[in-house]
Amino acid sequence: MTKITPVILTWEYPPRIIGDLAHHVDHLTQGLNKAKIPTRVVTCHNSPYLYERRSDLLELFWASNPVEPHISVITWCLTLNSEIERVVSDIYYGRNREIDLLDVHDWHFVSAGTNLKRALGTPFIFTVHSLEDQRSPDSTSPLSSCINGLERMGVNESDLVITKSELMKKEIIEIHEIPQSKIVVVPPTEKDWIKEIIKSYCKVIPNKRE
Amino acid sequence: MLTPNVLMLAWEFPPRIIGGLAPHVYELSRALVKKGIEVHVATCDFPGAEACEVVDGVIVHRIDSYSNPTPDFATWVAMMNVNLQREISEIIASNDISLLHAHDWLVASASIGLKHMFRIPLVATIHSTEYGRRSGIHNDYQRMISSTERWLTREAWRIICCSKYMAKEINSTLGVPEIRTDVVPNGINTALFQTPINLEQLRARFAQPNERLVLFVGRLVHEKGVSTIVEAAPHLRGLNVKIVIVGEGYLKEDLIRRVSELSLSDRVYVTGFLETEIIRGLFRVADVCLIPSIYEPFGIVALEAMAGGSPIVTSGSGGLGEILENDRTATFVYQNPESLAWGIRKILNDQGYADYLRKEATKRVKSYEWGAIATSTIGTYMRTMVEFTKGKWKPF
């Protein structure tokens with residue numbers, strides 16, 4: 001059995017379901033649990049509770065935005081990032097530094113992933129589900145440009161990029177100009193996709209073999 | 001070891017000067033270094049300025065402040081914080097930084113994130129509040145900034161503000177208990193007001209030799225009460241005065257128009273922006289300096305007038321009432337044109353009284369030298385470090 005302790009950062013996770021991301025990460029954490037990987041999810045949710053243990057191996061940490069109201073998705077997201085950093089740091093210091101890696105899903109918490117990696121030395125994987133260039137193909141708005149900049153930060157600062165398809169891999173390379181070797185494709189439709197995810201996790205942890 | 005290595009976060013530092021924050025951080029950081037504190041300043045980049053340099057012992061890190069387009073100022077601030085935080089992580093790790101000092105809400109997000117990731121204490125200086133700047137909170141944009149200020153003050157171990165007035169304002173608008181607040185006034189470098197320059201020549205640029213020079217220096221905005229000065233001018237008949245209004249702001253065109261309507265163009269001169277050296281010289285040659293502010297968290301202009309030796313007429317609002325004393329270092333008046341004119345007359349018609357105000361102000365301003373301000377700031381740092389050392393919240 002591989003003993004690793006990932007922390008997953010995602011801006012949606014059930015019950016907060018905005019799009020497909022919540023279902024995907026839910027599916028991923030269930031798979032990791034079946035593989036006996038103790039997993040922590042740090043996500044945003046305006047809950048009166050800060051913590052929930054969903055199973056022996058799955059812990060959820062809720063963060064809510066410390067600033068209200070907001071004027072844009074960027075200001076909302078980036079202040080929330082500082083709170084995410086607080087929550088992850090509390091796990092790190094409170095659990096004897098037992099975080100092997102961060103798996104950041106999409107651009108929302110890229111800033112936290114980058115800063116936590118730089119501050120705590122924790123490896124950081126950027127899982128890309130979609131890109132701003134695909135979601136808003138013809139947009140030249142400053143908002144799109146900010147999101148694009150954060151995605152670029154994610155692919156550049158992370159130790160590894162995981163994506164779902166060869167097509168996405170090609171687009172990431174074209175848009176963000178990173179080497180092929182930095183991206184792995186793990187389609188969640190494949191039977192052994194969790195094994196592939198764990199293998200990818202192990203790649204970024206120093207001295208860790210599957 | 002309690003003496004901390006400090007990293008200050010400020011969105012402006014010379015040569016990037018937007019308002020009063022840049023000179024404050026510049027002078028304070030240099031004074032702290034003179035007292036033996038290692039000080040790093042992380043700030044926004046500026047064309048032509050070095051990315052990293054040592055300024056009088058202060059290690060200045062200028063970080064890409066996000067030059068791409070953003071839809072509004074608040075979004076730019078958010079992206080600027082991302083860039084600051086990313087780069088500062090390495091500065092903290094490689095320089096054994098043990099205390100963070102944030103200046104105003106603009107660096108809140110980066111400061112708070114860094115505090116938690118490195119588990120080092122955070123001190124925040126609140127120079128002014130959104131509530132005070134806008135005379136209330138009127139829309140979501142302002143609400144967001146005010147909420148950010150509240151977040152910063154909640155996360156900071158101690159809050160520094162420049163006056164008791166500000167401590168009360170922070171208490172009432174942001175809910176900060178006064179017990180967590182330290183009042184440390186702004187400082188001044190009085191030596192800068194002694195630089196040898198040709199004062200006669202400077203004065204001649206603004207007033208005739210037989211005219212008494214009445215000076216206002218500040219942003220031309222409502223809260224500074226500058227409109228009252230123009231309205232006071234007609235009440236100064238019989239006095240040969242030249243009123244010189246220095247500064248920029250959204251009221252500038254209104255003021256110029258009003259001067260023209262009142263046929264006061266030969267009596268009131270709205271100069272616009274002037275170089276700092278010229279302004280310092282004006283404080284030295286002015287016969288009266290007017291500070292009729294409606295809202296003033298501190299009132300650094302009062303220290304400048306005192307250092308320059310210009311007798312002051314003031315409303316005494318906010319922090320001004322703590323720096324100045326009526327009939328000792330200034331003449332206090334009401335916020336209306338007649339009262340302001342009365343104060344001007346009182347000084348211009350009584351040379352003995354003017355000399356007394358000048359002499360007392362020159363003595364009093366010494367207590368605001370940056371060395372003294374740095375000592376008080378170190379007091380806040382030490383108190384924070386003692387609390388931090390005793391507590392359990394630590395990296396390991």
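How many Å separate the centres of domain 1 of chain B and domain 2 of chain B, taken over C-alpha atoms? The separation is 31 Å. Before we look around, a word on the ground rules. This is a predicted model, in which local features need pLDDT of at least 70 and side-chain atom pairs count only at pLDDT 80 or more, while totals for chains, interfaces and linings use all residues. Residues are numbered from 1 along each chain as its sequence is written, and chains are lettered from A and ligands numbered from 1 in the order in which they are written.

Let's stay with chain B for a moment. Its domain assignment gives domain 1 (6-187 + 370-390) and domain 2 (190-367); such bounds come from an automatic or database domain assignment. Where the two touch, 13 residues of domain 1 of chain B are in contact with 9 residues of domain 2 of chain B (contact means C-beta atoms, placed from the backbone, within 7 Å). On the domain 1 side, helix H6 (residues 164-174) of chain B gives the most, with 3 residues (helices are DSSP runs of H or I, at least four residues, numbered from the N terminus). That side has 5 nonpolar, 7 polar and 1 charged residues (Ala, Val, Leu, Ile, Met, Phe, Trp, Tyr, Cys and Pro count as nonpolar, Asp, Glu, Lys and Arg as charged, and the others, Gly among them, as polar).

Now turn to the meeting of the two chains. Here 29 residues of chain A are in contact with 30 residues of chain B. On the chain A side, H2(A) gives the most, with 10 residues, and the side divides into 13 nonpolar, 12 polar and 4 charged residues.

Follow H2 (residues 73-94) of chain A to helix H3 (residues 108-118) of chain B: they pack at an angle of about 10°, with their axes 8 Å apart (axes are lines fitted to C-alpha atoms over the stretch in contact, and angles run from 0 to 180 degrees between N-to-C directions). H2(A) and H3(B) are therefore roughly parallel to each other, the term for angles under 35 degrees. The residues of this contact include Leu78(A) and Arg86(A) of H2(A) and Ile112(B) and His116(B) of H3(B). By class, the contact has 3 nonpolar, 7 polar and 2 charged residues.

H3(B) also meets H3(A). Their axes come within 10 Å and cross at roughly 40°. Asn115(A), Leu116(A), Ala119(A) and Leu120(A) in H3(A) meet Gly113(B), Met117(B) and Phe118(B) in H3(B). This contact has 5 nonpolar, 2 polar and no charged residues.

Definitions and conventions
Helix = DSSP H or I, 4+ residues; strand = E, 2+ residues; numbered from the N terminus. Parallel < 35°, antiparallel > 145°, perpendicular 65-115°, else oblique.
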